[in-house]
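The following note sets out points for a colleague who is examining the structure shown here. Each point takes up one region or one residue.

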Amino acid sequence: MEAKILLQEHIAKTVSLTEEEFDYFFSHFKPMSFKKGQTIIGAGDKVDCEYFVISGCLKAFFINDEIKMYILQFAMPTWWTSDYTALYNQTPATINVDCITDAEVLCLTSTDREKLCAEFHQVEHFFRWRTNKGYIASQKRLLSFMNNNVKTRYEELLALYPQLYNLVPKHLIAAYLGVSRETLSRLYNS
């Protein structure tokens with residue numbers, strides 16, 4: 001699907017913009033293409049954009065001092081990703097974002113997002129709604145992590161996002177769940 005139409009349909013689920021308003025809104029996005037394995041944001045980078053995924057799949061992750069990867073988010077079409085702490089606080093990135101597959105994204109700078117929010121109440125409402133939904137999803141994931149065993153978390157993940165099973169390598173799903181690849185293998189082979 002064309003990037004402009006995908007974004008327009010995504011926005012329209014939350015707010016109404018006229019064609020003229022949406023064209024102006026869309027003009028602030030920069031299309032970008034990335035290859036499988038390519039880094040979009042690396043630890044220590046200056047972050048001034050957030051990314052709306054048009055096609056492909058990205059992952060946002062952290063690598064700790066023991067070189068263990070923790071995946072915070074998979075980002076599929078119509079999802080947004082960035083290192084939001086670095087973006088909003090203007091600090092160096094601690095979250096990495098890279099491509100699990102080839103990907104097409106739309107990049108929106110923080111400056112342009114703030115400008116659009118100041119100009120259009122509906123756009124400000126959309127970004128507030130999106131931020132709230134993201135916070136809710138993070139809270140649910142954290143509660144699941146604290147209350148559920150790995151098998152339950154794995155089943156929840158696949159029930160919510162069945163397309164991940166064939167799209168994302170199992171070692172990355174294991175990193176998202178906070179377990180080893182071997183532990184995950186025992187779960188889906190049982």
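1. The structure is a predicted model. The crossing of two helices is taken up at the outset: the axes of α6 and α8 come within 10 Å and cross at roughly 115 degrees. The crossing in which α6 passes α8 is right-handed. On the α6 side the contact is made by R153, Y154 and L157, and on the α8 side by I173, Y176 and L177. By residue class, the contact of α6 with α8 comprises five nonpolar residues, no polar residue and one charged residue.

2. Helix α9 spans residues 181-188, and its buried residues are L184, S185 and L187. Seen down the axis of α9, these buried residues fall within an arc of 160 degrees, so they line one face of the helix. Against which helices do the buried residues of α9 pack? They pack against α6 (150-160) and α8 (170-177).

3. The loop between β6 and α3 deserves attention. S82 lies in this loop, with β6 covering residues 80-81 and α3 covering residues 84-89. The relative accessible area of S82 is 6%, which means that S82 is buried, the cut-off being under 20%. A polar atom of the S82 side chain lies 2.7 Å from the backbone oxygen of C49. Leaving aside residues up to four places away in sequence, S82 touches I41, V47, C49, E50, L87 and V97.

4. D83 is found in the loop between β6 and α3 as well. Is D83 buried or exposed? With a relative accessibility of 1%, D83 counts as buried. The side chain of D83 reaches the backbone nitrogen of T85 at 3.2 Å. Residues up to four places away in sequence again being excluded, D83 touches I41, V47, A93, T94 and I95. As for A93, its C-alpha atom and that of D83 are separated by 6.3 Å, the two residues being 10 residues apart along the chain.

5. I67, which is found in the loop between β4 (58-63) and β5 (69-75), has a phi near 60 degrees, a positive value in a residue other than glycine. The relative accessibility of I67 is 67%; because the cut-off for exposed is over 50%, I67 counts as exposed.

6. Q90 is the other such position under review. Its place is in the loop between α3 and β7 (96-99). Phi of Q90 is near 55 degrees, again a positive value in a residue other than glycine. Q90 has a relative accessible area of 71% and is exposed.

7. H10 has a relative accessibility of 12%, so H10 counts as buried under the 20% cut-off. Which residues does H10 touch, not counting residues up to four places away in sequence? The residues touched by H10 are F52, T78, W80 and F126.

Key. Residues numbered from 1 in each chain as written. Predicted model: local features only at pLDDT ≥ 70, side-chain atom pairs only at ≥ 80, totals over all residues. Heavy atoms only, no water. Buried < 20%, exposed > 50% of the residue type's maximum accessible area, 1.4 Å probe, protein only. Helix = DSSP H or I, 4+ residues; strand = E, 2+ residues; numbered from the N terminus. Arc of directions from axis to C-beta. Contact = heavy atoms within 4.5 Å. Axes fitted to C-alpha atoms, helices over the stretch in contact; angles between N-to-C directions. Left-handed = near helix turned anticlockwise from the far one by under 90°. Nonpolar A, V, L, I, M, F, W, Y, C, P; charged D, E, K, R; others polar. Polar contact = N/O pair within 3.5 Å; in protein donor to acceptor, adjacent residues only side chain to side chain.
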